[in-house]
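Let's take a walk through this structure together, starting with the overall fold and then moving in on a few places. Keep the sequence and the 3D view open as you read.

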Amino acid sequence: MAAAGQMQLEEAGEARGREVSRAKPSDEALVRAAQDGDRVAFGTLYQRYAGMVHGILLARVPQPAAEDLLQDVFLQALPRLRTLRDVSRFGGWLAVIARNRANDYHRQARPTEELVESSGDSAGARRAREQAADGIFLLEALRSLPEAYREPLILRFVEGMTGPEIAARMGMKHGSVRVNLYRGMQMLRERLEVSRKI
């Protein structure tokens, strides 16, 4: 009787394990399914990797352009997905497409004039302008860092990803991401201190 109960528990546990794996398939399984034409799998990959791609773009292009280019990256990736041989490298492959798309943006970009909204001189409007200016200043300081530090910092602080998440998505070792975050923060502090003195 005890053996039969144990077997039922094991079978129930295996069934739950299958349900969990169905509920949250691995990235590799999703890539394989997307390569076979499964649009739902590709949509799930989009949800998982959109933050990473946005962070990479934000490290290279103005914020409004990053929003637009995010869609372009995935639209470029979809028809090329069958060419990806090692499905475990999807994150790195997608990162390369994002970097190339950002480079294309700069090749095609034409200089534009920035429109300045005239809003009232209310304290709220002034505060909003100051916060926006601070955000732009900080983003420009981040963009001035070497790529190895810039991308992980933006993914961490703008996209809210953890070190292990960055490592998994980018196909890097967690130790490398941790070192790049640490060194990038040091460099960023130094640059911000220099700019305060000026």
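Predicted model: local features only at pLDDT ≥ 70, side-chain atom pairs only at ≥ 80, totals over all residues.

The chain contains nine helices and zero strands, and reading along the sequence gives the pattern α-α-α-α-α-α-α-α-α. Of the 198 residues in the chain, 33% are buried.

Now turn to helix 3 and helix 4. Helix 3 spans residues 39-58 and helix 4 spans residues 63-80; the two pack at an angle of about 140 degrees, with 9 Å between their axes. Because of that angle, helix 3 counts as oblique to helix 4; the cut-off matters here, since an angle has to be over 145 degrees to be called roughly antiparallel. The crossing of these two helices is right-handed.

Which residues of helix 3 and helix 4 make the contact? From helix 3 come Arg 39, Phe 42, Leu 45, Tyr 46, Tyr 49, Ala 50, Val 53, His 54, Leu 57 and Leu 58. Helix 4 brings Gln 63, Ala 66, Glu 67, Leu 69, Leu 70, Gln 71, Val 73, Phe 74 and Leu 78. Sorted by type, the residues of this contact are 14 nonpolar, three polar and two charged.

From here, let's move to helix 5, residues 90-108, where you will find Arg 101. Is Arg 101 buried or exposed? Its relative accessible area is 12%, so Arg 101 is buried, the limit for that being under 20%. The side chain of Arg 101 has a polar partner: it makes a polar contact with the side chain of Asp 72, at 3.2 Å. Setting aside neighbours within four places in sequence, Arg 101 is in contact with Leu 69, Asp 72, Val 73, Gln 76 and Gln 108.

The last stop is Glu 151, in helix 7 (residues 147-157). With a relative accessibility of 3%, Glu 151 counts as buried. What surrounds Glu 151, leaving aside its neighbours within four places in sequence? Glu 151 is in contact with Ile 56, Ala 59, Arg 60, Arg 99 and Met 170.

Definitions and conventions:
Residues numbered from 1 in each chain as written. Heavy atoms only, no water. Axes fitted to C-alpha atoms, helices over the stretch in contact; angles between N-to-C directions. Helix = DSSP H or I, 4+ residues; strand = E, 2+ residues; numbered from the N terminus. Parallel < 35°, antiparallel > 145°, perpendicular 65-115°, else oblique. Left-handed = near helix turned anticlockwise from the far one by under 90°. Contact = heavy atoms within 4.5 Å. Nonpolar A, V, L, I, M, F, W, Y, C, P; charged D, E, K, R; others polar. Buried < 20%, exposed > 50% of the residue type's maximum accessible area, 1.4 Å probe, protein only. Polar contact = N/O pair within 3.5 Å; in protein donor to acceptor, adjacent residues only side chain to side chain.
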